[in-house]
Amino acid sequence: MSQLEMGRQQWTGPAGQFPLADIARQLRRDVINMVWAAKSGHPGGSLSSTDILTYLFYHEMNLDPQQPDWPDRDRFVLSKGHAAPILYAALARRGYFDPEELSTLRQQGSRLQGHPHYGSLPGIEMSTGSLGQGGSTAVGMALAGKLDKKDYRIFNLWGDGELEEGIVWESVMAAAHYKLDNLTGFVDWNGLQIDGPITQVMNPEPIDAKFRAFGWHVELADGHDFESIGRAIANAKETKGRPTLILCRTVKGKGVSFMENEAGWHGSAPNDAQRLQALADLADPGTSGEPAAQKEVNR
Amino acid sequence: MAEAIATRAAYGRCLACISDKYPDLVVMDADLSKSTMTADFKKVAPERFINAGIAENNMICMAGGLAASGKVVFVSTFAMFAAGRSYEQILNTLASSGLNVKVAATHAGLTVGEDGMSHQMVTDIALMRSIPDLRVMVPADGVETEAMVEEAIRTPGPVYIRLGRSKVPGLFEAGTEFEPGKIRTLREGSNVTLAACGIMVDLALQAADMLAQEGIYARVLNVSTIKPLDKETVLEAAHQTGAIVTCEEHSVLGGLGGAVAETVAESWPVPVLRVGIEDQFGQSGKPEELLELYGLTAHHIAEKAIKAISLKRA
Ligand SMILES: Cc1ncc(C[n+]2csc(CCOP(=O)(O)OP(=O)(O)O)c2C)c(N)n1
């Protein structure tokens, strides 16, 4: 397990006190190591959404890893459930469970199922993996928050390809209808799905205009810029009487040179050499690090 | 030796091969063409390949419209999203109107492996079998898959074909003739019958070998058309062997086991034991590990066969 270099660095404690860029690099390395060890999984869409999850889990959300079921916590639903690796990495480093366990991803008996499973692991708010369904459950959670007159907020993450599912628009309509301003949706706008660019496979554009037409407030953000994400969330919180969509421009495979903007890395695992190259791409500045050194050897 | 190949791979290859022969053939997919292998067809006949995007329900109903306009349509996605998500579209649009749409669902069963329970469809045979006028087919290897694709095209009306992700051993030589709808007896035997479908057929044959070493002779049936069921062959087996074990990569509820048990109970009651997934969810793991964990093994089939024989009435 040590060969996975999972490390023990954790960032627990109140949100807002951690160096987000460092965390994001660590989480991306985790994603690579996990998918490499599992020999299957979804790196592309995990890397594109890493900075969004980093911001939410390490800066924005009101949560307590020691009390995952704390009733007043903010909730995050990963509607694009195939990005499970980044959710698991974020939860582990945040203190929900031991990062050593990350290396069990997708193995028989592991709590880290191929797609998030509610009840298997602390911090998983909903079972997802069948695209489109998570968003509807987030609407349900936001409705419950209103019924109980609670202040907690619900965050949901869709893939841009996922928006092709009809149920997404059913949930978007319901969220506006019930004026769920405690709900913030993100779209990981990386432009790719499995069979190719979203605009070629089944064009969901213009995404912003569609959400506006459905009654949502829409914010555009750079999904790899924490300040941009933060501004959009601040505006979402100011918006009353309707839900907010934060349309995050992202790069599929972000941070790994050979994975960026490549649809082929949606659901395939790096081999040994590719892993080392990826880890070198994701090394902390100023560290040559073992992965980087091995990369030289492998050339 | 017959070729070892995943049934989904045989399916894609077959579609590509026959694209010229059937100019009315249209193939649809929902953003999984490289997994379902319909990408093979897209390569040779891009103008007759329609990607519905990640929108299975819409795909099924669009296929219905194409079929009502004279096309023969194959639609593919994972079994979870075809039989599961689009159950009602298949029922209300395709089957109730007898539309000429062939739902070829891949990645059925536990052998999806690491993706886990959200993608492991183990109730599709039960769901699809409950729909009137829908034929339900489960090929056991690549050669039978190809035969079924052509059979589906020749026979008008809706069909559900269940295909797998993982490679399966070849059971039939290329060019084998199949009698549509008929159960094929792969091995004769008089002590017990092993009625299997899909990947379990090969395991049933292995179980029959194990049993033979103990002097127990098992008849092995390949029940590749589950609906309409070849009741005659099932009842003959009940009559002649007096005990049946069904074997399927599916829940023990309502699938092949259900079909056989219902048939036997009504006309010639004998013990029917079911090897399948015991009314529980799947999980992530390697396909072989999962088969072992859930008891889908030759060994387990042989054990059940001995139990079934012990339950025979004197
Ligand atoms: C209902 C459903 N249909 C199909 C799939 C298979 N699938 C998994 S990921 C994916 C593509 C998702 O594309 P996108 O939402 O853009 O995700 P990202 O590029 O951000 O990873 C598909 C079709 C699924 N998981 N669920």
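Trainee: How many residue pairs are in polar contact across the interface of domain 1 and domain 2 of chain B?
Mentor: The rule finds 21, both residues at pLDDT 80 or more. A polar contact is a pair of N or O atoms within 3.5 Å; within protein, one must be able to donate a hydrogen and the other to accept it, and residues adjacent in sequence count only if both atoms are side-chain atoms. The model is predicted: local features need pLDDT of at least 70, side-chain atom pairs count only at pLDDT 80 or more, and totals for chains, interfaces and linings use all residues. Residues are numbered from 1 along each chain as its sequence is written, chains are lettered from A and ligands numbered from 1 in the order written, and side-chain values use heavy atoms, leaving out hydrogens and water.

Trainee: Which residue forms a salt bridge with B:Glu262?
Mentor: B:Arg129, with the closest N and O atoms 2.9 Å apart. The term means a side-chain nitrogen of Lys or Arg within 4 Å of a carboxyl oxygen of Asp or Glu. The count between the two domains is one.

Trainee: Which element gives the largest share of the domain 1 side?
Mentor: Helix 7 of chain B, with four residues.

Trainee: Where are the domain bounds?
Mentor: Domain 1 of chain B is 5-168 and domain 2 is 184-310, from an automatic or database assignment. Their centres, taken over C-alpha atoms, are 25 Å apart.

Trainee: And how many residues are in contact?
Mentor: 32 of domain 1 with 34 of domain 2, contact being heavy atoms within 4.5 Å.

Conventions
Helices (H or I, at least four residues) and strands (E, at least two) are DSSP runs, numbered from the N terminus.
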